[in-house]
Amino acid sequence: MRKISVIMPIYNEKLDWIQKSLDSIMNQTYTNIEIIIILDNPDNKELKEFLVKKESEVDNISILLNRKNLGIVKSLNKGIVKSSGELIARMDGDDIALLDRFEKEVYFLDTHNLDLVTSSVEDMDEQDSIIMSRNQHDVIGKQFEDEIKYKYLGAHPTWLGKSEIFEKLGGYRAVTHAEDLDFLLRALEQKFSIGLLGTPTLQYRIREKSVTLSNQLEMFINSLSARSFYKKGTLSITEPSKIIKKSRNISVADRDRYSKFSKYRKEVFYLFPDNKMAAILKLPKLFFLILLNKYAKILIFNDIKRILKRV
């Protein structure tokens, strides 16, 4: 049984969430695991005391305390350097892994001869209630390469990959709010094999004030840019500063309009599986919000493209 190094960055998550997250990893059916936690909020004494205590109580937990806030990219890379496993997995401190997550992901990785696997999730609210399952078909090989060009596949906290892929790529790069997509595209550019396990392996927490939600427009623009360089075959040799250049000129108005649109789009998305009529009734307002923002038009075009691919 190969060793899995689980990399978990922590910033401002609730202690209760972190405990549930750790429990879900420590109780996995796959048992050869080390957990590397990087605390990127050195001023949070409560978190620091909680994590240091955990390290003293549990043999396979290691804590890295950043002296100052380094951000997600540098924190993840510190964890990768510290890791000793043949396999490296991602985890966030507010998510909950299903108990057979690693067993399923390792089997999927080996069965399809992959270098990295990502998987679908179940969306969960701040009270641990499941909002919806994103269960879908598996996506492997050429199909993964085609679909990643216009939509994100899986979820970053579900990743499990061979340590070689992280070493070869030099870890993550400072492609702000799109460092995970940049990693996947560079891996494909360098001929690594990646697949999506369509069966959910993790409960993914949707937070009202998460970093992801507050920086959606930057994420979207930087993702478009990364995909553009990938399609040219030059992403790996392009400096991150060039990739994120366009997102530096976002206006406050554009950011606000995109945030409103994105939030409303998600409401429609969550409604559709169980109440199609209610979702349809919300479409006029959605179209109005699209008209107000040029970036929303691009996103909707990608949505339509994705739907047509399924037909």
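A salt bridge here is a side-chain nitrogen of Lys or Arg within 4 Å of a carboxyl oxygen of Asp or Glu. By that rule, Asp16, Lys20, Asp128 and Arg205 are linked in a network of salt bridges. The structure is a predicted model, in which local features need pLDDT of at least 70 and side-chain atom pairs count only at pLDDT 80 or more, while totals for chains, interfaces and linings use all residues. Residues are numbered from 1 along each chain as its sequence is written, and side-chain values use heavy atoms, with hydrogens and water left out.

Start with the sheet. Helices (H or I, at least four residues) and strands (E, at least two) are DSSP runs, numbered from the N terminus. Two strands pair if DSSP finds at least two bridges between them. On these terms there is an open sheet of 8 strands, with mixed pairing and the order 3-2-1-4-10-6-11-9. Strand 3 (61-65) and strand 9 (139-140) stand at its edges. Each has a single partner strand, so one side of each is left without a neighbour in the sheet. Strand 4 (residues 87-90) and strand 10 (residues 160-162) run antiparallel, joined by 3 bridges. Within this pair, Ala89 of strand 4 has Leu160 as its bridge partner in strand 10.

Now turn to helix 7. How many of the residues of helix 7 are buried? The count is 11 of 11 for this helix (residues 179-189), so it is largely enclosed by the rest of the structure. Buried means under 20% relative accessible area, exposed over 50%, and partly exposed in between (1.4 Å probe, protein chains only). Just after the helix, Lys191 takes a positive phi of about 70°.

Next come the cores. In soluble globular proteins, nonpolar side chains tend to be buried together. A nonpolar core is a set of buried Ala, Val, Leu, Ile, Met, Phe, Trp, Tyr and Cys residues joined through side-chain atoms within 4.5 Å. The largest one has 35 residues. Those with the most contacts inside it are Leu116, Phe144, Ile148, Ile165, Phe166, Tyr172 and Phe183. Several elements each supply at least two residues of this core, among them strand 2 (33-39), helix 3 (72-82) and helix 9 (216-232). The largest share, 6 residues, comes from helix 7. Apart from this core lies another, of 33 residues, among them Met8, Ala89, Phe102 and Leu160.

Leaving out residues up to four places away in sequence, Ile148 touches Leu153, Leu181, Leu184, Leu185, Leu188 and Arg227. Contact means heavy atoms within 4.5 Å.

Charged pairs complete the tour. Side chains of opposite charge can pair when their charged atoms come close. A search of the whole structure finds 18 salt bridges. One joins Asp146 to Lys142, with the closest N and O atoms 2.9 Å apart. Both lie in helix 5 (residues 142-147), 4 residues apart, about one turn of the helix. Asp146 is partly exposed at 28% relative accessibility, and Lys142 is exposed at 55%.

Lys151 pairs with Glu147, and their closest N and O atoms are 3.2 Å apart. Lys151 counts as buried at 9% relative accessibility; Glu147, at 9%, is buried as well.

Helix 11 (residues 252-271) holds Asp254 and Arg257, 3 residues apart, about one turn of the helix. These two form a salt bridge with closest N and O atoms 3.2 Å apart. Asp254 is buried at 13%, whereas Arg257 is partly exposed at 34%.
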